Amino acid sequence: MKALFDTVSYSCSKLVTKSYSTSFSLATKMLSNAIRADIYNIYGFVRFADEIVDSFHGYNKTVLFDSFAKDLEDALKYKISLNPILNAFQHTYHKHNIDKDMVDAFMKSMRLDLSKTTYLSDAEYKNYIYGSADVVGLMCLKVFVKGDNQKYNELKDSAMSLGSAFQKVNFLRDIKADFDELNRSYFPNVDLDNLDENSKQAIIDDIENDFEKGLNGIKRLPIEAKFGVFIAYRYYSQLLKKLKKTPALQIKDTRIRVSNPKKIELLMRSYVKYQLNLM
């Protein structure tokens with residue numbers, strides 16, 4: 001039965017989320033059950049594309065990505081795929097009328113990671129982030145508003161800002177891996193071999209500006225989504241605080257993370273703030 005295959009597909013997307021990101025998985029659990037599966041489906045799709053370009057060393061990444069891209073196009077066209085992750089994603093794509101240009105922009109940024117290693121201008125940097133992060137925030141927003149186009153348009157800019165903030169925090173946290181292992185440098189006009197405090201602070205100021213805009217949007221999200229997204233915001237804000245306290249020269253030599261006990265503490269404190277309307 002197709003229904004059974006769909007159930008298996010959704011379970012695969014949930015497993016991918018839990019396996020690859022404890023923080024995102026924790027935040028997703030805080031969403032309403034009515035929208036949770038669709039967010040798992042989006043995460044599973046973007047994670048698999050990202051893994052091809054970031055992790056599958058020793059294999060022909062271009063061939064794998066081309067195959068994934070073709071399977072994606074077929075899944076969206078025929079509303080089914082034997083790849084359970086894409087089968088799950090196409091369901092969410094059609095259910096919530098996700099714009100095709102969002103999917104195309106995401107895949108374009110992922111494809112850049114196959115060959116582009118340096119971003120020399122703000123325009124290149126912003127275009128990459130739009131495709132790799134902003135549109136993912138917009139896909140999730142499509143799920144959150146459940147077809148309310150007025151609400152979507154009201155929250156669109158803040159969702160993009162939050163997506164940008166999350167991605168930039170990841171860039172700053174992963175500078176060592178991106179530079180040493182993947183030979184990538186996302187921040188324009190920044191010498192990663194000699195990252196200084198002024199350059200680090202400029203990056204952090206930019207992220208904090210995105211977070212401020214993102215938080216304003218979180219406060220106006222539908223009740224089914226608000227707490228889960230707030231948890232993700234709190235986690236990444238804590239990660240940014242740790243990066244802010246870490247000397248610039250040490251950021252490239254270590255990977256900053258938030259411990260699981262700290263994540264639970266943030267969850268409990270955030271719940272209190274949420275219940276008291278202190279967000």
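Which residue caps the N-terminal end of H5? In this predicted model, in which local features need pLDDT of at least 70, side-chain atom pairs count only at pLDDT 80 or more, and totals for chains, interfaces and linings use all residues, that residue is Asn83, with a side-chain oxygen 2.9 Å from the backbone nitrogen of Ile85. Residues are numbered from 1 along each chain as its sequence is written, and side-chain values use heavy atoms, leaving out hydrogens and water.

Asn97, with a positive phi near 50 degrees, follows H5.

Ile85, Leu86, Asn87, Ala88, Phe89, Gln90, Thr92 and Tyr93 are the buried residues of H5 (under 20% relative accessible area, 1.4 Å probe, protein chains only). They pack against helices H1 (2-20), H3 (33-55), H4 (61-78) and H6 (100-112), and against H7.

The second largest pocket has a volume of about 420 Å³. A pocket is an open set of points on a 1 Å grid over the protein atoms alone, where a 1.4 Å probe fits, with protein on both sides within 12 Å along at least five of seven lines; lining residues have an atom within 4 Å of a point. Of its 20 lining residues, Tyr125, Lys126, Lys168, Asp206 and Asp210 lie nearest the centre. Helix H10 gives the most to this lining, with 7 residues.

How values were computed
Points joined across faces, edges and corners; volume = space filled by probe spheres on them. Helix = DSSP H or I, 4+ residues; strand = E, 2+ residues; numbered from the N terminus. Buried < 20%, exposed > 50% of the residue type's maximum accessible area, 1.4 Å probe, protein only. Contact = heavy atoms within 4.5 Å. Polar contact = N/O pair within 3.5 Å; in protein donor to acceptor, adjacent residues only side chain to side chain.
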